[in-house]
Amino acid sequence: MTAQDARDAQHGADVADGEDGAGATQRLGMLLAWHGSATETRMRKALNDAGLTPRHAMTLMHLDGGPVSQRALAERLEVDPSVLVGILNDLEREALVERRRDPADRRRHNVAITPAGSAALRTTNAALDGLERVLFAALSPQDRDTLRGLLNRIDSNAEDFTCGE
């Protein structure tokens, strides 16, 4: 859902609820879509300022703990292996990751973050830390833990997700 879609849906809910729009804030899906869209826009800007897309950033985050097989990385990111190839091609072109043959099985590739990738990830994490400080300033650490727990319980599947990259 784009930011405009969320605004249109929110406006439609407001109109359906009457002049005051009091019922609109009772529609959890609409409220979640609105905040999700606004947050996504702000996160994309922060990541763009750091030189990465959300998928590139997530890939580097998953590689930060050490090399991972290309197959395992596709599973962690919940993307088709052919999609991962495109992501890795982009990151390799920028010298942020490198693929190496697995010495134990020459048919398999392992993917590792490079020093430049680690530096890009530090910049990305700093940008996201700053954004999250602003986004969640009104929430206590306990509130944030509660929100994280509630969001993890929402019925959403990777199959329902389409990335706009």
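Trainee: How much space lies in the second largest pocket?

Mentor: The second largest pocket holds about 190 Å³ of space; a volume here is the space filled by probe spheres set on grid points, which are joined across faces, edges and corners. The model is a predicted one, in which local features need pLDDT of at least 70 and side-chain atom pairs need pLDDT 80 or more, while totals for chains, interfaces and linings use all residues. Residues are numbered from 1 along each chain as its sequence is written, and side-chain values use heavy atoms, without hydrogens or water.

A pocket is an open set of points on a 1 Å grid over the protein atoms alone, where a 1.4 Å probe fits and protein lies on both sides within 12 Å along at least five of seven lines; lining residues have an atom within 4 Å of a point. The lining of this pocket consists of Gln70, Arg71, Ala74, Glu75, Pro81, Leu84, Arg107, Arg108 and His109. Two or more of these residues come from each of α4 (70-77), α5 (81-93) and β3 (105-113), and α4 gives the largest share, four residues. By class, the lining has three nonpolar, two polar and four charged residues. In this scheme Ala, Val, Leu, Ile, Met, Phe, Trp, Tyr, Cys and Pro count as nonpolar, Asp, Glu, Lys and Arg as charged, and the others, Gly among them, as polar.

The loop between α4 and α5 contains Glu78. Glu78 is not a glycine, yet it has a positive phi of about 55°, and it is exposed at 56% relative accessibility. Here exposed means over 50% relative accessible area, buried under 20% and partly exposed in between, with a 1.4 Å probe and protein chains only.

Leaving aside residues up to four places away in sequence, Thr59 touches Leu73, Leu77, Ile87, Leu88 and Leu91, a contact being heavy atoms within 4.5 Å.

Another helix, α2 (residues 28-49), contains Arg44, which is partly exposed at 28% relative accessibility. The C-alpha atoms of Arg44 and Pro54 are 6.7 Å apart in space, although these residues are 10 apart in sequence.

Now for the whole protein chain. There are seven helices and three strands, in the order α-α-α-β-α-α-β-β-α-α from the N terminus on; these are DSSP runs, helices being H or I of at least four residues and strands E of at least two, numbered from the N terminus. Of its 165 residues, 24% are buried. Among contacts with a separation of 6 or more, 52% join residues 24 or more positions apart.
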